[in-house]
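Please prepare a short briefing on the structure shown here.

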Amino acid sequence: MDKKRNDDNFLMKPKIDFAFKEIMTDEKARIGFLSAVLKLKPEEIKETYILNPYLDKVHEEDKLGILDVRILMNNDTEIDTEIQLSEMRIWTNRALFYAAKMFTDQIEQGQKYDVLKKCVSISILDFDLFKDQKEFYSSFHIREDTRNFLYTEKMEFHVIELPKLPEELKENSSDVELWAKFINAEREEFDMLAKQNPYIESAYKKLQIISQDKEKRLEYEAREKAIRDYNQSMYEAEQRGIEAGIEAGIEIGEQRGIETGIKNMAKIYQKFGQSYQAAIEAVQEEYPKVEESFIKTLVQEVYDLHHI
């Protein structure tokens with residue numbers, strides 16, 4: 001009985017990309033999300049189609065795969081939305097690469113450039129990308145540096161940084177903030193957000209439906225596990241790198257310490273008029289494991305410096 005009750009209450013997390021992509025199959029939710037992020041009125045969005053219903057793997061080394069949402073809007077704009085939960089410092093390069101690929105993939109040999117549609121990249125990130133900025137939402141266009149006019153409207157980028165979301169919503173919260181809150185939400189927030197926006201309400205209903213679908217739940221849990229395993233492997237690799245760096249640093253530090261110790265001994269012997277050979281013998285006695293040629297080189301540097 002308890003297990004059945006838990007199953008009935010289970011809800012997927014919208015920020016797991018599998019769940020988000022399933023939510024976006026609901027046309028009303030799709031229109032609401034796009035209108036919020038792109039600052040359009042919902043009625044301006046006449047039609048939308050999902051172009052990539054399956055997992056995409058562009059590179060062989062991309063073990064996790066890309067579960068993005070590619071949408072054609074109004075037959076003149078292609079939009080790629082991707083969620084990234086773990087920090088990726090080169091995210092801007094990645095987003096630019098996929099936006100450029102989305103743009104160039106539209107044209108075939110012999111076609112004219114006027115077939116190219118506008119391309120929009122939407123990144124939903126569960127980490128801070130722009131460390132010195134406080135706002136959770138940013139949009140970028142290609143503009144002239146000083147006079148600020150558009151070079152082209154064919155490409156733009158939108159970034160939502162979930163950790164920067166305000167803890168509490170205000171009465172005049174924007175639609176994009178409501179959507180970001182929904183994507184980042186836990187169970188207790190869904191009802192409140194659904195009441196504030198009819199498009200989010202539709203997304204919430206879709207979330208409830210897919211959460212009770214046994215097959216989709218298995219896919220969701222497999223995807224969640226894959227993301228968790230991938231993030232853990234990346235963390236462990238990073239830790240191994242840090243440990244190796246520390247060991248290398250200790251080794252370098254020890255080497256520099258030995259060099260400093262040898263030179264200091266040589267300076268003392270030189271200061272009190274002791275011969276070069278006497279300094280060599282004293283240093284060898286103090287550092288028996290250090291190669292003789294290395295000791296001679298360092299002591300020679302001290303004695304040569306004195307005669308300059």
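The points below are grouped by topic and describe a predicted model.

**Sheet**

- The sheet is open and has 6 strands, ordered β1-β2-β3-β4-β6-β5, with mixed pairing.
- β1 (48–50) and β5 (137–143) are the edge strands; each has a single partner strand, so one side of each has no neighbour in the sheet.
- On average, and with direction ignored, neighbouring strands of this sheet are turned by 20° against each other.
- Strands β4 (residues 118–125) and β6 (residues 150–161) run parallel and are joined by 7 bridges.
- Within this pairing, Val120 stands opposite Glu156 in β6.
- Helix α4 (residues 91–104) packs on the sheet, where it touches β2 (69–73), β3 (77–84), β4 and β6. The direction of α4 makes about 150° with that of β4.

**Helix α3**

- Helix α3 covers residues 27–37 and is mostly covered, with 9 of its 11 residues buried.
- Among the buried residues of α3 are Arg30, Ile31, Phe33, Leu34 and Val37.
- Lys39, which follows α3, has a positive phi, near 60°.

**Salt bridges**

- The whole structure contains 15 salt bridges.
- One of them pairs Glu22 with Lys216, with the closest N and O atoms 3.3 Å apart. This pair links distant parts of the chain, as Glu22 lies in helix α2 (residues 17–23) and Lys216 in helix α8 (residues 214–271), 194 residues apart.
- Glu22 has 16% relative accessibility; buried means under 20%, so Glu22 counts as buried. Lys216, with a relative accessible area of 24%, is partly exposed.
- In helix α8, the side chains of Glu221 and Arg217 form a salt bridge at 3.0 Å, N to O. The two residues are 4 residues apart, about one turn of the helix. An α-helix has 3.6 residues a turn, so residues three or four places apart point the same way.
- Glu221 is partly exposed, and its relative accessible area is 33%.
- Arg147 and Glu144 form a salt bridge whose closest N and O atoms are 3.9 Å apart. Arg147 counts as exposed at 59% relative accessibility, whereas Glu144 is partly exposed at 23%.
- A network of salt bridges links Arg70, Glu78 and Asp80.

Methods:
Residues numbered from 1 in each chain as written. Predicted model: local features only at pLDDT ≥ 70, side-chain atom pairs only at ≥ 80, totals over all residues. Heavy atoms only, no water. Buried < 20%, exposed > 50% of the residue type's maximum accessible area, 1.4 Å probe, protein only. Pairing = 2+ DSSP bridges. Axes fitted to C-alpha atoms, helices over the stretch in contact; angles between N-to-C directions. Contact = heavy atoms within 4.5 Å. Salt bridge = Lys/Arg side-chain N within 4 Å of Asp/Glu carboxyl O.
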